[in-house]
Protein chains: 2
Amino acid sequence: MPAYSHILFATDFSQESESAAQRAADLAQRCTARLSLIHVVEFSPLDYGGEQMLPIEMDLEQELADEARKRLERLGERMGAAKSDQHVEIGSTKNEILRVAAATGVDLIVVGSHGRRGLALLLGSTANAVLHSAPCDVLAVRVKGP
Amino acid sequence: MPAYSHILFATDFSQESESAAQRAADLAQRCTARLSLIHVVEFSPLDYGGEQMLPIEMDLEQELADEARKRLERLGERMGAAKSDQHVEIGSTKNEILRVAAATGVDLIVVGSHGRRGLALLLGSTANAVLHSAPCDVLAVRVKGP
């Protein structure tokens, strides 16, 4: 059986997800696999009751995305993921992880899991859905809760 | 980060789970990890409305377990799992996998997953619970449905 060729690590930048990051990097090295990173800025469409709020909301999302890009770049340097393999997306965590995984030919998605409390905390309540909808293998790395 | 040291592969002997078996064996080799196998004969307490049915039911379970031991031995030979690391258990799939994982110091459980249809088919509807209750990492290997 060929080794994994392209591993995608989904991060929420939490301190707890550090062990999952290390596991993803270790597996990528053992499999000589390409390593990609993804962070999703969750899009939360809120009803502000006024159209004029929309630009502010979009500004905030862009600000969060810009900040995330900087953090992902630092993580990418540590983990050995090329700049072009660092994805910051805005939208639904589940959908964006699956979309990027499919678009870039990922064969293993690595996510942190809080064990008894499920995958919910690290990646939002959609992580479960990632697992069930993924077009590829999924590794849930047990991380210690905060 | 140290490699996985003890990998547990849970099998239902289905043809579809073959790719998951190969993945588990490949990872064990890459990590120089001990490889254990488990098959659980699901205990289904049925109300037959008569006590005299119980011995027959127990006989059937033992028969299934004996047959499973033979199949697991053949799988173990192919995958490189020692005889003492082949577990056939009778009971709840979830509970038995978690019990054996904890008792033998497993740090990665590998299970087959049917993707969109969830983990339910391969390991019964309890596989989801394995994932959420596991004391260690869980790798869900995508397998093709029948």
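Here follow questions and answers on how the terms apply to this predicted model.

Reader: What should I know about the numbering and the cut-offs of the model?
Author: Residues are numbered from 1 along each chain as its sequence is written, and chains are lettered from A and ligands numbered from 1 in the order in which they are written. Because the model is predicted, local features need pLDDT of at least 70 and side-chain atom pairs count only at pLDDT 80 or more, while totals for chains, interfaces and linings use all residues; side-chain values use heavy atoms, with hydrogens and water left out.

Reader: How do you know how many residues of chain A and chain B are in the contact?
Author: Contact means heavy atoms within 4.5 Å. The contact takes 28 residues from chain A and 28 residues from chain B.

Reader: What area do chain A and chain B bury between them?
Author: About 2,500 Å², with 52% of it on carbon and sulfur atoms. Buried area is the accessible area (1.4 Å probe) that two parts lose on being put together, summed over both.

Reader: How many polar contacts are there between chain A and chain B, and what makes a pair count?
Author: The count is 10 residue pairs, both residues at pLDDT 80 or more. A polar contact is a pair of N or O atoms within 3.5 Å. Within protein, one must be able to donate a hydrogen and the other to accept it; residues adjacent in sequence count only if both atoms are side-chain atoms.

Reader: Which elements give two or more residues to the side of chain A that touches chain B?
Author: Helix H1 (18-30), helix H5 (127-133) and strand E5 (137-142) of chain A. Helices (H or I, at least four residues) and strands (E, at least two) are DSSP runs, numbered from the N terminus. By class, that side of chain A has 16 nonpolar, 6 polar and 6 charged residues.

Reader: Why is Asp137(A) with Arg23(B) called a salt bridge?
Author: A salt bridge is a side-chain nitrogen of Lys or Arg within 4 Å of a carboxyl oxygen of Asp or Glu. The closest N and O atoms of Asp137(A) and Arg23(B) are 4.0 Å apart, and the pair forms a salt bridge. Between chain A and chain B the count is 2 salt bridges. Over all chains it comes to 18.

Reader: Why is Asp137(A) called buried?
Author: Buried means under 20% relative accessible area, exposed over 50%, partly exposed in between (1.4 Å probe, protein chains only). Asp137(A) has 7% relative accessibility, so Asp137(A) counts as buried. Arg23(B), at 9%, is buried too.

Reader: Where do Asp26(A) and Arg23(A) stand in helix H1 of chain A?
Author: They are 3 residues apart, so about one helical turn separates them. An α-helix has 3.6 residues a turn, so residues three or four places apart point the same way. Asp26(A) and Arg23(A) form a salt bridge, with the closest N and O atoms 3.7 Å apart. Both residues are buried.

Reader: What makes Arg78(B) and Glu18(B) a salt bridge?
Author: Their side chains meet at 3.0 Å, N to O. The pair links distant parts of the chain: Arg78(B) is in helix H2 (residues 54-79) of chain B and Glu18(B) in helix H1 of chain B, 60 residues apart. Arg78(B) has 57% relative accessibility, so Arg78(B) counts as exposed. Glu18(B) has 27%, so Glu18(B) counts as partly exposed. Elsewhere, salt bridges that share partners join Arg23(A), Asp26(A), Arg30(A) and Asp137(B) into one network.

Reader: How do you know that E5(A) pairs with strand E5 of chain B?
Author: Two strands pair if DSSP finds at least two bridges between them. Here 3 bridges join E5(A) to strand E5 (residues 137-142) of chain B, and the strands run antiparallel. Val138(A) stands opposite Ala140(B), and Ala140(A) has Val138(B) as its bridge partner.

Reader: In which sense does strand E4 of chain A pair with E5(A), parallel or antiparallel?
Author: Parallel, over 6 bridges, with strand E4 covering residues 108-113. Ser113(A) has Arg142(A) as its bridge partner in E5(A). E5(A) is mostly covered, with 5 of its 6 residues buried.

Reader: Why is His39(B) called buried?
Author: His39(B) has a relative accessible area of 12%, so His39(B) is buried. His39(B) is found in strand E2 (residues 34-42) of chain B. Its side chain reaches the backbone oxygen of Thr11(B) at 2.9 Å.

Terms used: Nonpolar A, V, L, I, M, F, W, Y, C, P; charged D, E, K, R; others polar.
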